[in-house]
Amino acid sequence: PNPSTAMPINPKETVIAPATKARWASEGERIITDYDRILEIVKRNKFIKLDEIARLLSLKEEQVAQELQTLEDNNLVEVKYPAFGEPLIYYKNPEV
């Protein structure tokens, strides 16, 4: 689209995060995003390091960190920053 004819962004709209790569799931029309993939990995582990998620998904650590921030803002994960080493990511069980 031509930027001069694009509709202006409504300032009241909430922007959650930059667009992420998505893929179609084999079970049908469901779209699986990097957010879904990250959350699934975190759920399966007691805790996991940021760099490990990046390695497992072949993503840059910066991208994983941005997406983790969104997941943390929505109370789905907790990111703990130790004095030394990589941040640790924990799944926040919504049922608790």
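What covers the buried residues of α1? I found that the cover includes β2 (31–33), β3 (48–49), α2 (50–57), α3 (61–73), β4 (77–80) and β5 (88–91).

**Ground rules.** I am working with a predicted model, where local features need pLDDT of at least 70 and side-chain atom pairs count only at pLDDT 80 or more, while totals for chains, interfaces and linings use all residues. I number residues from 1 along each chain as its sequence is written, and side-chain values use heavy atoms, with hydrogens and water left out.

**Overview.** I looked up three helices and five strands, in the order β-β-α-β-α-α-β-β from the N terminus on. Helices (H or I, at least four residues) and strands (E, at least two) are DSSP runs, numbered from the N terminus. The protein has 96 residues, and buried ones make up 26% of them. Here buried means under 20% relative accessible area, exposed over 50%, and partly exposed in between, with a 1.4 Å probe and protein chains only. Of the contacts between residues at least 6 apart in sequence, 39% join residues at least 24 apart; a contact means heavy atoms within 4.5 Å.

**Helix α1.** This helix spans residues 34–44, and I noted D34, Y35, I38, L39, I41 and V42 as buried. They cover an arc of only 160° around the axis, which puts them on the same side of α1. The arc is that of the directions from the helix axis to the C-beta atoms. At the start of α1, I saw a side-chain oxygen of T33 within 3.3 Å of the backbone nitrogen of Y35.

**D34.** Is D34 buried or exposed? It counts as buried, at 1% relative accessibility. Its side chain makes a polar contact with the side chain of Q63 (3.1 Å). A polar contact is a pair of N or O atoms within 3.5 Å; within protein, one must be able to donate a hydrogen and the other to accept it, and residues adjacent in sequence count only if both atoms are side-chain atoms.

**α1 against α3.** How do the axes of α1 and α3 cross? They come within 10 Å and cross at roughly 80°, with axes being lines fitted to C-alpha atoms, for helices over the stretch in contact, and angles running from 0 to 180 degrees between N-to-C directions. The two helices are therefore roughly perpendicular to each other, a label used for 65 to 115 degrees. I listed D34, Y35, I38 and L39 of α1 and Q63, V64, E67, L68, T70 and L71 of α3 as making the contact.

**D73.** I then went to D73, in helix α3. D73 is exposed, with a relative accessible area of 54%. The side chain of D73 makes a polar contact with the side chain of Q69 (2.7 Å).

**Helix α2.** Which residues of α2 are buried? I have L50, I53, A54 and L57.

**Phi values.** Most residues other than glycine have a negative phi. N75, in the loop between α3 and β4, has a positive phi of about 60° although it is not a glycine.

Definitions and conventions:
Parallel < 35°, antiparallel > 145°, perpendicular 65-115°, else oblique.
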